[in-house]
Amino acid sequence: MKAPIDWLAVALLVGLIGPPRMAATGVDSLRVAGPRKSATPPSSISQQSPIDIRGDDLQVVKKQAVPPLTFHYSTHATVDLENTGSPNEEATVRANVAAGDGEIRVGNRVYRLVQFHFHTPAEHEVDEQRFPMEMHLVHKAADSSTLVIGVFLRAGAANAALAPMFSQLPKQSGAHVTVSQVNLKALIPPHEESARYTGSLTTPPFTEGVRWVVIAQPIVLSKGQIAAFAALFPEGNSRHVQPVNGRHVATDDSHFERDEGVPAGRIH
Ligand SMILES: [Zn+2]
């Protein structure tokens, strides 16, 4: 088991000992090694998701340098829960959100929450570790640009906010269930420190230019809730991590720490 990684310390270390070119530009070349998992040589231009978020890949930025997130999420939304093709590994259960029930501000931009869905196991990794599930909250700006909030899910107590949905997950491909009184606000962890980078959709057509915000602190759900989702996707429905290719990953969190082999984030 590795020691906990202090991202700020990593950044300081890199800044101190890095070559002059890196120190001058500050960003582009923190990752110069080859791919860690994929046998496919990385393309110098591809910017795909998900990625393995590693301490030694990060350009850690000061907290005030990361635009704050402001969530305006309904506490009593009605969602259209849809099975988009189980057991297809690219399929999921997606909650379509009505206009007006979810919005996020990042800096000066406003994004509307269009839908959220789930993957098992998690798609993003933290130092090569995977959570059992990951939720993606997909937002669109007026110019159609996309921002996705990634939230890790770990096993623990039952999750009351997910319960109305996970107790009646539509099992057949194409099936819909209308679920009311969904507390969208409770789906976001109390601590919103995150890793941010530019990537892609993780399902076809893998469109790039997606702004990713992966929140460090996981939310908790029960093993029974995980099993209810996993039963629909026995082969899993996650894409493997993709090469970082020197992308800038910014974070305002220096505490992605390991806990008994699990990337625990910060658990309070
Ligand atoms: Zn997704």
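Helices here are DSSP runs of H or I with at least four residues, strands are runs of E with at least two, and both are numbered from the N terminus. With that in place, proline 50 sits in the loop between α2 (20-25) and β1. A cis peptide bond, omega about 0 degrees, joins serine 49 to this proline. I will come back to cis bonds at the end.

First, the ground rules. This is a predicted model, in which local features need pLDDT of at least 70 and side-chain atom pairs count only at pLDDT 80 or more, while totals for chains, interfaces and linings use all residues. Residues are numbered from 1 along each chain as its sequence is written.

Now the overall picture. The protein has four helices and 15 strands. I call a residue buried if 20 or more other C-beta atoms lie within 10 Å of its own, exposed if 12 or fewer do, and partly exposed in between, with C-beta atoms placed from the backbone. Of the 268 residues, 37% count as buried. Two residues are in contact if their C-beta atoms, again placed from the backbone, lie within 7 Å. Among contacts with a separation of 6 or more, 71% are between residues 24 or more positions apart.

Next, the core. In soluble globular proteins, nonpolar side chains tend to be buried together. A nonpolar core, for this talk, is a set of buried Ala, Val, Leu, Ile, Met, Phe, Trp, Tyr and Cys residues joined through C-beta atoms within 7 Å. The largest one has 49 residues, and those with the most contacts inside it are Met133, Met135, Val151, Leu153 and Phe229. Which strand gives the most to this core? That is β12, residues 208-221, with eight residues. Take methionine 133 as an example: leaving aside neighbours within four places in sequence, its contacts include Phe118, Pro121, Leu153, Ile226 and Phe229.

Phe229 and Ile226 bring us to helix α4, residues 223-230. Its buried residues are Gln225, Ile226 and Phe229. Seen down the axis of α4, these fall within an arc of 100 degrees, so they line one face of the helix; the arc is that of the directions from the helix axis to the C-beta atoms. On the face turned away from the buried side are the exposed residues Lys223 and Gly224. The cover over the buried residues of α4 includes β4 (93-97), β6, β8 (133-141), β9 (146-155), α3 (163-166) and β12.

Strands pair if DSSP finds at least two bridges between them. β4 runs antiparallel to β3 (residues 77-83), joined by five bridges, and valine 79 stands opposite valine 97 of β4. β4 also pairs with β6 in the antiparallel sense, over three bridges. There, asparagine 96 has glutamine 115 in β6 as its bridge partner. As for cover, four of the five residues of β4 are buried.

Staying in β6, which spans residues 109-119, we find leucine 113. Is leucine 113 buried or exposed? Leucine 113 counts as buried because it has 26 C-beta neighbours inside 10 Å.

Some loop residues now. Glycine 55, in the loop between β1 (52-53) and β2 (69-73), counts as buried, with 20 C-beta neighbours inside 10 Å. Asparagine 183 is in the loop between β10 (176-182) and β11 (194-200), and is partly exposed, with 16 other C-beta atoms within 10 Å. Beyond four places in sequence, asparagine 183 is in contact with Thr75, His76 and Ala161. The C-alpha atoms of asparagine 183 and alanine 161 are 5.7 Å apart.

Last, the backbone exceptions. Most residues other than glycine have a negative phi, and most peptide bonds are trans. Proline 205 is in the loop between β11 and β12. Serine 144 has a positive phi of about 75 degrees; it lies in the loop between β8 and β9 and is exposed, with 6 other C-beta atoms within 10 Å. Asparagine 245 also has a positive phi, about 55 degrees, and is partly exposed, with 15 other C-beta atoms within 10 Å.
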